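Thanks for making the time this morning.

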Amino acid sequence: MKNTLRVERAILRITQAELAEKVGVSRQAINSIETSKYVPSTILAIKLAQVFNKPVEEIFTLEPQD
Amino acid sequence: MNKLFLLPTGFKASGLAMIFLGLLGLAVASQEGLINVYRILAPGNTTADGSYPYPANFWQINAIFEYTSIALVAVGLLFFFMSRERDEFYYKVRLESIQFAILMQLCVGVVTYCFFYFSGNYQMENTFTAILSVSFAGFWIAYISRYYYMIRLRSNEDLTL
């Protein structure tokens, strides 16, 4: 699963640490999600989408192998 | 496990410290190392023939020290494994690290067994404890290394905005 977290974060001009604080996880978690090493839970995905005020599927999209 | 039954995250670091201190204490106590500690603390306090005197209650103190160390390791393990992680990512890393460490423990155990078996200098029935100890150490080294590699290095690779 790929995501546009980095782009969305750049639009809002917030750091990984700031985003992590907003959704209540560690900065390492945000970093791993951005680099596609970790797929977040549904709850975390929805929280992230709420921060960017966009639907979840606009931020997280499935890849052919998923 | 229900997260309500888990200890706060802060217990993890103290648990790890307790495990290391307990293992250190156990190593000292099982080798009668308190005598060596005594030698360091009071180098000149010897008997007439130059040997170091055993206090009357030495073995009692050594046994208490050994049991305390074992208890410290047990409580440390409890703190370490029964405390909450910071978030779901840490839970995943922890699970993966345990899986990795179990595989490494098996590998280390097999390699150690092969070493003792093929070197031909050991009676295999006497190597059981050594194989267990080495593979147990392999588990912990692999677990801690993998955990911190995933948290500190792999999750810090790209920090650009």
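This is a predicted model: local features need pLDDT of at least 70, side-chain atom pairs count only at pLDDT 80 or more; totals for chains, interfaces and linings use all residues.

Residues are numbered from 1 along each chain as its sequence is written, and chains are lettered from A and ligands numbered from 1 in the order in which they are written.

Let me begin with chain A, which has 5 helices and 2 strands, the elements running β-α-α-α-α-α-β from the N terminus on. Helices here are DSSP runs of H or I with at least four residues, strands are runs of E with at least two, and both are numbered from the N terminus. The pLDDT, which is the predictor's confidence in each residue from 0 to 100, averages 92 in chain A, and 100% of the residues score at least 70. Within chain A, confidence is lowest in strand β1 (residues 2-3), at a mean of 90, and highest in α4(A), at 95.

Of the 66 residues in chain A, 29% are buried. By buried I mean that 20 or more other C-beta atoms lie within 10 Å of the residue's own, by exposed that 12 or fewer do, and by partly exposed anything in between, with C-beta atoms placed from the backbone.

Which residues of α2(A) are buried? They are A:Q16, A:L19 and A:A20, and because they cover an arc of only 100° around the axis, they sit on the same side of α2(A); the arc is that of the directions from the helix axis to the C-beta atoms. These buried residues pack against α1, α3 and α4 of chain A.

Two other residues of chain A deserve a look at their backbone angles. Most residues other than glycine have a negative phi, and most peptide bonds are trans. A:R13, however, has a positive phi of about 55° although it is not a glycine, and its place is in the loop between α1 (5-12) and α2 of chain A. A:N53 also has a positive phi, near 55°, and is likewise a residue other than glycine; it lies in the loop between α4 and α5 (56-59) of chain A. Are these two positions buried or exposed? A:R13 is exposed, with 8 other C-beta atoms within 10 Å, and A:N53 counts as exposed too, with 8 C-beta neighbours inside 10 Å.

Turning to chain B, we find 5 helices and 0 strands, and buried residues make up 14% of its 161 residues. Among contacts in chain B between residues at least 6 apart in sequence, 82% join residues at least 24 apart, where a contact requires C-beta atoms, placed from the backbone, to lie within 7 Å.

B:G22 is buried, because it has 20 other C-beta atoms within 10 Å. Leaving aside neighbours within four places in sequence, B:G22 is in contact with B:S69, B:I70, B:L72, B:V73 and B:G76. The C-alpha atoms of B:G22 and B:G76 are separated by 8.2 Å, although the two are 54 residues apart along the chain.

Helix α5 (residues 128-153) of chain B has 26 residues and reaches 36 Å from its first C-alpha to its last, close to the 38 Å expected at 1.5 Å a residue, that expected span being 1.5 Å times one less than the number of residues. In α5(B), B:F139, B:A142, B:R146 and B:M150 are buried, and what covers the buried residues of α5(B) includes α4 of chain B.

Now to the contact between the chains, which takes 14 residues from chain B and 14 residues from chain A. On the side of chain B that touches chain A, the largest share, 4 residues, comes from helix α4 (residues 88-119) of chain B.

Finally, the largest nonpolar core has 14 residues, of which A:A20, A:V25, A:A29, A:I30, A:I33 and B:F89 touch the most other members. Such a core is a set of buried Ala, Val, Leu, Ile, Met, Phe, Trp, Tyr and Cys residues joined through C-beta atoms within 7 Å.

Notes
Two residues are in contact if their C-beta atoms, placed from the backbone, lie within 7 Å.
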